[in-house]
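Trainee: I would like to examine the aromatic contacts of a model. Please take me through them step by step.

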Amino acid sequence: MTEDVASIARAVLSRHSTQEGALLPILRDLQKEIGHLPEAVLPIVAQALNVSRAEVYGVATFYHDFHFEPHGEHTITLCRAEACQSVGAVALCERAKARLGLDWGETSADGRVTLEQTFCLGLCACGPAGLVDGKHVARLTPEKLDAIIAKAGG
Amino acid sequence: MKIFVPIDAAALALGADDVAAAIHDLAEARGADIDIVRNGSRGMVWLEPMVEVETPEGRIAYGPVEASDVPGLFESGFLHGGDHKLRIGKPENHPFLKRQTRLVFERCGITDPLCLNDYRKYGGFEGLTRAIEIGPAATIEDVILSGLRGRGGAGFPTGIKWRTVAETPASQKYIVCNADEGDSGTFADRMIMEGDPFCLIEGMAIAAVATGATRGYIYIRSEYPHAVETMMEAVELARSEGLLGERLLGSEHAFDMEVRVGAGAYVCGEETSLLESLEGKRGEVRAKPPLPAHKGLFGQPTVVNNVLSLASLHFILVEGGAAYRDYGMGRSRGTKPIQLAGNIKYGGLFETAFGMTLGELIDGIGGGTLSGRPVRAVQVGGPLGAYFPRALFDTPFDYEAFAARGGLLGHGGIVVFDDTVDLFEQARFAMEFCAEESCGKCTPCRVGSIRGVEILDKIHAGIDPAGNFELLNELCETMKFGSLCALGGFVPYPVQSAIKHFPKDFLARTNKAKAAE
């Protein structure tokens, strides 16, 4: 683990030191600032919170948002839930997987794009919906999806 | 002159920021003195981004507006409500809004969400003032009288829950707002948090006064980043004005709150799983008893309420419980914000008293499908809700009426499917989703969901269909009665309703192909 990551970890832990039930906010902040959750940082968190490494690992692996590997330069997230299904999300998702040659959670070999799945973004009256680098998109069509993929360099 | 461009996530996803920027730039270029307000959404999602202009005659709406429409709008004199193909007129005269009874969504889309003066202009915080005046016991009585039932989906009487917490002695009590609105087809909570955040804060403060809680948490799912940001800002603003803190509105009551963000787990919408998550643990479901009202967050008496339940309290305290109770039918009192979603022509937020039929909502208000093809199936209540065919469209929107027909209202989301839907795929997805989101604690859910997918695949492949249907029914019964919570427990709703009402979708792939020929 680099000194950068270690110092980020110390700063985040110190920021949350008086908060009750702080583990999720801590993990979220760590991932936001480092870009992913390096496994090596978990024991430091465990020690600071006086819980076991297994417990921290258990929490980090329970929630879909946390990933131990860095994501690509761009992340394309598509909603797979029922309301989006009703307006063609299944076909759109298959198209994305085929065009990118990726399955859910995978990153392209050149590190440009990560494809993620989500179950509902609360945009259920204007689906199919998604997120491109954290920005919401709705009423997706095959053409719009292709443009998004092209722009991300996929 | 004020111009309203919504900042609601749906509007943003459809380009509202670009529209706002275009209006700003063009107004500047033309020397027009305008003030752009980023409001919540009025809930007519098919018209978003819906831009409103304040004229002497009232607000005039235009939509759906794209950035490229803006020059044409200026040419048509839209700043004075001028005619244009996108002109809608006064939003409140639009039948979609006119037919609603907006008690909770009264201010959403009208006010500037983060402007306390706007909220106060509409009687904001008068509910809290009254709660402090009449005291905890009288506040609880009024909420019981109102008949308000938990709007998350379980429908438990809110006043009774509060009374339980109020009567449980403890050194620390909590108000927890469940804003983990994970059901597909639902977005009402998101709209309130983005469009009328002070209403939620006021509701939580009222709950705190009533129960003696001094700390609160709003647990918002991470998939709602705009709601998170807006609530955080609203909390800070409220605190700076003495609406949160050591002395609420100068009274003896202390209450403050913190926004917490989830991490992508659907099961954390279940109240005990949510509490575990707040405590920094895996979102595993707890056995009940003990109820959170007795032993909740960190073992203390805790009120866990849905966003809409809490947002209903301003009205109840200002107008009185009886006024709220007089809307509705049977044991379903007050109004329900219904979310019309999926393959629907006029999708959005429709708040109305309980009692309208499913058909009235889908055909009458929703205009049928977006695709123009016939409605084939409707899923009400989220991924764990039943699939209803057209034959059940006379079912009134009422907790007990839906239960009697093997369905549930849940959080009031209605997802419409046209005739291209394959209910086999929907049933399979229900099991797959359960497997993906299971907390893993109980066997019927953790293992049953995976077996459910396998059995459905065997049926589809034509392997001993009769035997496997029987096995699937047995599995559903086991999950229904053996699961620790409603995730495993309610998966039989979508699966068994799909089989019951749409049997021909469950023929083996080979038979389906023959039937199609």
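**Aromatic contacts**

Trainee: How many aromatic pairs are there over all chains?

Mentor: The model is a predicted one. Rings count as a pair if their centres lie within 6.5 Å. By this rule the count over all chains is 25 aromatic pairs.

Trainee: Which class does the pair of B:Y174 and B:F298 belong to?

Mentor: The ring centres of B:Y174 and B:F298 are 6.2 Å apart. Their planes stand at 55°, and edge-to-face would require over 60 degrees, stacked under 30. The pair is therefore tilted.

Trainee: How many residues apart are B:Y174 and B:F298?

Mentor: B:Y174 belongs to strand 6 of chain B, whereas B:F298 lies in the loop between helix 11 and strand 9 of chain B. The pair thus links distant parts of the chain, and the separation is 124 residues.

Trainee: Is B:F298 buried, partly exposed or exposed?

Mentor: Buried means under 20% relative accessible area and exposed over 50%. B:Y174, at 4%, is buried. B:F298 has a relative accessible area of 31%, so B:F298 is partly exposed.

Trainee: Which class does the pair of B:Y266 and B:F433 belong to?

Mentor: The centres of the B:Y266 and B:F433 rings are 4.9 Å apart. Their planes are at 65°, and over 60 degrees counts as edge-to-face. The pair is therefore edge-to-face.

Notes: Residues are numbered from 1 along each chain as its sequence is written. Chains are lettered from A and ligands numbered from 1 in the order in which they are written. This is a predicted model: local features need pLDDT of at least 70, side-chain atom pairs count only at pLDDT 80 or more; totals for chains, interfaces and linings use all residues. Side-chain values use heavy atoms; hydrogens and water are left out. Rings of Phe, Tyr and Trp (its six-membered ring) pair if their centres lie within 6.5 Å; planes under 30 degrees apart count as stacked, over 60 as edge-to-face and the rest as tilted. Helices (H or I, at least four residues) and strands (E, at least two) are DSSP runs, numbered from the N terminus. Buried means under 20% relative accessible area, exposed over 50%, partly exposed in between (1.4 Å probe, protein chains only).
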